[in-house]
Amino acid sequence: AFNKVEVDDYELPVVGILGEIFVKYHPFSNQQMVEWFTYQGVEVVLPSLVGFFTQRFINEEFNQCAYLKRSWKDRAVNQLLSHYVRHYLQQVDGALLNFRYYRKNHDLQGLAREASKVASLANQAGEGWLLIAEMIAMLRNGIRHIICLQPFGCLANQITGKGMERKMKSLYPRLNLLFLDMDAGVSEVNVLNRLQLMLASVRNDKKIAA
């Protein structure tokens, strides 16, 4: 049914938005950022909310293997639930394959292995290593312009987000990262100025590709 919807079928420049769970999904907290980019003729890609919850399976396995936790019962339950959830997620992904604008959903365990080259999976506070994994997933899908949002003073995201910028850019030289602290006291003009710079970079990239 979605494939039958009439659209202007031309490729738009793309920007990815990720970061702390509230500010990246809630329009009020990110100053209507998705709507603003859409109005500018840019497609916005947000990571799936599923990853925020399924990372728990990987965290549990890591903690058990690293002797941060020892419980054979919890480990067995975790493995069973992980296989159960992955089975249904694969079914969902199989249905989405028929969508004309489908973007591959990369296996989170594989992304976790890649993310561990940047930061330890022991970084589990907040989004933790998931931030890095989501960046890698976007890069694999050809999205190199990425905005990372965090509340002001969010220590976990400052470490696994902004703190990993140099390492990420050394591994992925084409990555264009913009970090924004979203807070009630942040000037709207300041945010818009930085978004305008990102927008110019995205449009220029599109012209070069054309």
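Arg 144 is buried, at 18% relative accessible area (buried is under 20%, exposed over 50% and partly exposed in between, with a 1.4 Å probe and protein chains only). The model is predicted; local features need pLDDT of at least 70, side-chain atom pairs count only at pLDDT 80 or more, and totals for chains, interfaces and linings use all residues. Residues are numbered from 1 along each chain as its sequence is written, and side-chain values use heavy atoms, with hydrogens and water left out.

Arg 144 sits in the loop between α6 and β3 (helices are DSSP runs of H or I of at least four residues, strands are runs of E of at least two, and both are numbered from the N terminus). A polar atom of its side chain lies 2.4 Å from the backbone oxygen of Arg 174. This pair falls under polar contacts (N or O atoms within 3.5 Å; within protein, one must be able to donate a hydrogen and the other to accept it, and residues adjacent in sequence count only if both atoms are side-chain atoms). Residues up to four places away in sequence aside, Arg 144 touches Leu 139, Arg 174, Leu 175, Asn 176 and Asp 205 (contact means heavy atoms within 4.5 Å). Just after α6, Gly 142 has a positive phi of about 85°.

Helix α6 itself is mostly covered, with ten of its eleven residues buried. The buried residues are Leu 130, Leu 131, Ile 132, Ala 133, Glu 134, Met 135, Ile 136, Ala 137, Met 138 and Leu 139. In α5, the buried residues are Leu 108, Gly 110, Leu 111, Ala 112 and Ala 115. They pack against α3 and α6.

The largest nonpolar core has 29 residues (a core is a set of buried Ala, Val, Leu, Ile, Met, Phe, Trp, Tyr and Cys residues joined through side-chain atoms within 4.5 Å). Leu 18, Trp 129, Ile 132, Met 135, Ile 146 and Met 168 have the most contacts inside this core. At least two core residues come from each of β1 (14-19), α5 (108-115), α6 (130-140), β3 (145-151) and β4 (176-182). The largest share, nine residues, is supplied by α6. In soluble globular proteins, nonpolar side chains tend to be buried together. Ile 146 is in contact with Gly 16, Leu 18, Met 135, Met 138, Leu 175, Asn 176, Leu 177, Leu 178 and Met 198, leaving aside neighbours within four places in sequence. A second, separate core has 18 residues, among them Val 42, Ile 147, Leu 180 and Met 198.

The largest pocket holds about 1400 Å³ of space. Pockets were located on a 1 Å grid over the protein atoms alone; a pocket is an open set of points with protein on both sides within 12 Å along at least five of seven lines, and lining residues have an atom within 4 Å of a point. Grid points are joined across faces, edges and corners, and a volume is the space filled by probe spheres set on the points. The largest pocket is lined by 41 residues, of which Ser 48, Arg 103, Lys 104, Asn 105 and His 106 are the closest to its centre. Two or more lining residues come from each of β2 (43-45), α3 (50-65), α4 (72-96), α5 and α6. Helix α4 gives the most, with eight residues. The lining divides into 22 nonpolar, nine polar and ten charged residues (Ala, Val, Leu, Ile, Met, Phe, Trp, Tyr, Cys and Pro count as nonpolar, Asp, Glu, Lys and Arg as charged, and the others, Gly among them, as polar).

The second largest pocket holds about 280 Å³ of space. Of its 15 lining residues, Glu 11, Pro 13, Val 14, Gly 142 and Asp 205 are the closest to its centre. Helix α9 gives the most to this lining, with four residues. Six lining residues are nonpolar, three polar and six charged.

Asn 193 lies in α9 (residues 188-209). Asn 193 is partly exposed, at 45% relative accessible area. Its C-alpha lies 16 Å from that of Val 15, 178 residues away in sequence.

Thr 54, in helix α3, is buried at 14% relative accessibility. Beyond residues up to four places away in sequence, Thr 54 touches Val 85, Leu 89 and Leu 108. Asp 74, in helix α4, is partly exposed at 31%.

Terms used
1 Å grid on protein atoms, 1.4 Å probe; cavity = no way out; pocket = protein on both sides within 12 Å on 5 of 7 lines; lining within 4 Å.
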